Amino acid sequence: MRFSRLSLKSGVFLIFLLTSLLVGMQKRPDPPPTATGLSGTVEWVYDGDTLKVAGIGKVRLLGIDTPEHEDSSRDRGFTRLGVPAKNLRPMAKAALQHNIALVKNRTVRLITEEEERDRYGRLLAYVYLEDGTELNRLLLEKGLAVVYRRFSFAHKKDFLQAEKAARQAGLGLWAP
């Protein structure tokens, strides 16, 4: 049987194509991990909404805001929401102490959204304790934080409900 040059070239091309497909189907190495689903040990607690996690760096709790240690121009945002100014410094300290007691030297799991970093380079994340409790929401429930309203995020509706419950109960920032 005699093959033409065209059918021989077609056959070689077909073999090349099949080989390429088979090689492409082999197990490829997993892509490098993204920030979603990271975990690490909390090495430092800067304040009520910022931590340092080993191997990750500074982490800003997504969707919440806690008062600063000292008077700040950001205080206006809290007072506009109805937080008494006299509660700001004590609650800044309480949020810091709460986080130190709860997460320092403990492993946490971090979940991010599409916007992974803030303008300061901090990872924006929901922080989960080993038992599955979400630290961001817990701070709202205890009245130690308010919802960060400036940007949209997946848990915003739930966070607003947690803040409202703390406000109605007069907890933390919302104490008369």
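Start by selecting Val59 and Leu123: Val59 stands opposite Leu123, which is in strand 6. Keep in mind as you click around that this is a predicted model.

Now widen the selection to strand 3 (residues 57-61) and strand 6, which pair in the parallel sense over 3 bridges. In strand 6, Tyr128 has Arg109 standing opposite.

Stay on strand 6 and show its side chains. Leu123, Ala125 and Val127 point one way, while Leu124, Tyr126 and Tyr128 point the other. In a regular strand, side chains alternate between the two faces of the sheet. Is strand 6 buried or exposed? 6 of its 6 residues are buried, so the strand is largely enclosed by the rest of the structure.

Next, the largest nonpolar core, with 38 residues: among those touching the most other members are Val59, Val127 and Leu173. Strand 6 gives the most to this core, with 6 residues. Select Leu173, and look for its contacts, including Phe78, Leu88, Met91 and Val146.

Last stop: helix 5 (residues 156-169). Its buried residues are Lys156, Phe159, Ala162, Glu163 and Ala166. Look down the helix axis: these buried residues fall within an arc of 120°, so they line one face of helix 5. They pack against strand 4 (64-65), strand 6, helix 4 (135-141) and strand 7 (146-147). Just past the helix, click Gly170, which takes a positive phi of about 70°.

Technical notes: Residues numbered from 1 in each chain as written. Predicted model: local features only at pLDDT ≥ 70, side-chain atom pairs only at ≥ 80, totals over all residues. Heavy atoms only, no water. Core = buried A, V, L, I, M, F, W, Y, C linked by side-chain atoms within 4.5 Å. Buried < 20%, exposed > 50% of the residue type's maximum accessible area, 1.4 Å probe, protein only. Helix = DSSP H or I, 4+ residues; strand = E, 2+ residues; numbered from the N terminus. Contact = heavy atoms within 4.5 Å. Arc of directions from axis to C-beta. Pairing = 2+ DSSP bridges. Lists of a residue's contacts leave out its neighbours within four places in sequence.
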